Amino acid sequence: MEYGLLGKKLIYSFSPMIHKYFGDCEYELVECSEEDIRLILSGKKFKGLNITNPYKIMAKEYCDKLDESARKTGCVNTIVNKNGSLYGYNTDYYGFLHMIKKIKSIKKESPFSIIGSGATARMSKVVLEDLECQSIKIISREDIKNHNIEELIKDTEILINCTPIGVYPLVDESFPVEIKKLIKLKHVIDLNYNPLNTRLMIEANELGCKANSGLSMLVAQGKKAAEIFLGKKIDDSLIDEVERKIRKRLLNIVLIGMPGSGKTVIGRELAHRINREFVDIDNCIENLHKMTIQKIIEKNGIRFFRELEKEVVREELLSFSKVFSTGGGVIEDRENWRYLKYNSQVIYIERDLDQLDTKGRPLSQGGIDRLNNIYEKRNPIYKKLSDYRVKNNKSLLETVEEIVKVYEKNFSY
Ligand SMILES: Nc1ncnc2c1ncn2[C@@H]1O[C@H](COP(=O)(O)OP(=O)(O)OP(=O)(O)O)[C@@H](O)[C@H]1O
Ligand SMILES: O=C(O)C1=C[C@@H](O)[C@@H](O)[C@H](O)C1
Ligand SMILES: [Mg+2]
């Protein structure tokens, strides 16, 4: 192995993609036990490594020299092999520093709470101290179990999650601090990045707080690691560019809206136009159950159908880089709401009610009054869940073109 990442569980990692952008080097993901990692580090048959959880503290033992970031944090996430001598760094330190400096609304006077007690929590504390932040509380999982934590950290304005809670595939794991009780909370930084919007971030947004994921830190630490691996300077401006590229490449586009509004035909054409895979959730349900939606509902009832739909939504919407069309009723089940947000930008397709196609759609039967009823109930939810709204009262190709423009302009945010 030349370059790569060692850690216990790595299926969620974006590091190979990041190192492709910065160094275009062979970069492998290697899941290791502690014994494996000790053998790899002592064998020294590599050029450069990143180390992730839970081995960042242990990795320090194998380094002949540590830079300041590694010394101060007591953790190593980057090791370069120079003629048999191992040099250890903590590029997370630089990545987090870069990220925090970019968020203009964060002030050093703000009360911070760091949740976690591992290497990431240690590193975050050192960065905040170096930035002369005045109030930093560190809360471990033990503290959460033993105290009324929301009372203890009630002044928190900025909360930083340094635990892996909510990381793919356990995306639904709920955060142990009830953030709605933190009435001064303004900003949540979740240092996880897969899914792109974590449950904690989605809940923070619902409370009106700002939320950032760890993607910006991950890219910035990757840039620093690439510089160390390759022994060359990489311009800082590339950090934002790579982050934008990654977001644009990974974010799904999910189309929601009334039954018969054009989600499937638009989705198919859009995917073709921007060269992405297209997935129609209704079509997945039909394939899974080997029956048309109409038949499934006639035979087993709407409840049964909604359960199948939820199963498929969960399976499909944690992937990346696709265009999805959904069934009009996907928003009826609140548990699907988060799934629409985890890795996607949601576009509400709006078409005049008298233009909606009702053929073969059992729930749309009963004329315009029936459609009006459905619309009154669902329209506020479609609006609430969507990032963009696009009217489909023009030709199909014009509607698709409008969505392509939204995608080109906004998807990297
Ligand atoms: N802009 C448009 N111009 C002409 N026909 C359109 C337009 N948009 C949609 N249609 C037609 O409306 C019908 C319904 O479209 P489609 O099946 O894509 O809707 P849908 O939103 O996916 O419905 P469902 O919620 O039932 O899955 C199709 O026959 C489609 O060709
Ligand atoms: O998830 C990842 O790919 C990584 C996470 C952090 O631990 C980083 O320190 C590491 O370099 C890469
Ligand atoms: Mg459809």
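Which polar backbone atom is 2.8 Å from an oxygen atom of ligand 1? That one belongs to V265. This is a predicted model, with local features needing pLDDT of at least 70, side-chain atom pairs counting only at pLDDT 80 or more, and totals for chains, interfaces and linings using all residues. Residues are numbered from 1 along each chain as written, chains are lettered from A and ligands numbered from 1 in written order, and side-chain values use heavy atoms, leaving out hydrogens and water.

| Ligand | Residue | Distance |
|---|---|---|
| ligand 1 | G262, backbone | 3.0 Å |
| ligand 1 | T264, side chain | 2.8 Å |
| ligand 2 | S13, side chain | 2.5 Å |
| ligand 2 | T52, side chain | 2.7 Å |
| ligand 2 | Q221, side chain | 3.0 Å |

On its own, ligand 2 exposes 310 Å², and the protein buries 94% of that (Shrake-Rupley areas, 1.4 Å probe). Its shell (residues with a heavy atom within 4 Å) includes L5, Y12, K56 and D92. Sorted by class, that shell holds four nonpolar, six polar and two charged residues; Tyr counts as nonpolar and Gly as polar, while Asp, Glu, Lys and Arg are the charged ones.

Now for ligand 1. Taken alone, ligand 1 exposes 640 Å², of which the protein buries 73%. Around ligand 1 sit 17 residues, the closest being K263, T264, R361, N392 and K394. They split into four nonpolar, seven polar and six charged. Helix α11, residues 263-273, gives the most to this shell, with three residues (helices are DSSP H or I runs of at least four residues).

Notes: A polar contact is a pair of N or O atoms within 3.5 Å; within protein, one must be able to donate a hydrogen and the other to accept it, and residues adjacent in sequence count only if both atoms are side-chain atoms. Helices (H or I, at least four residues) and strands (E, at least two) are DSSP runs, numbered from the N terminus.
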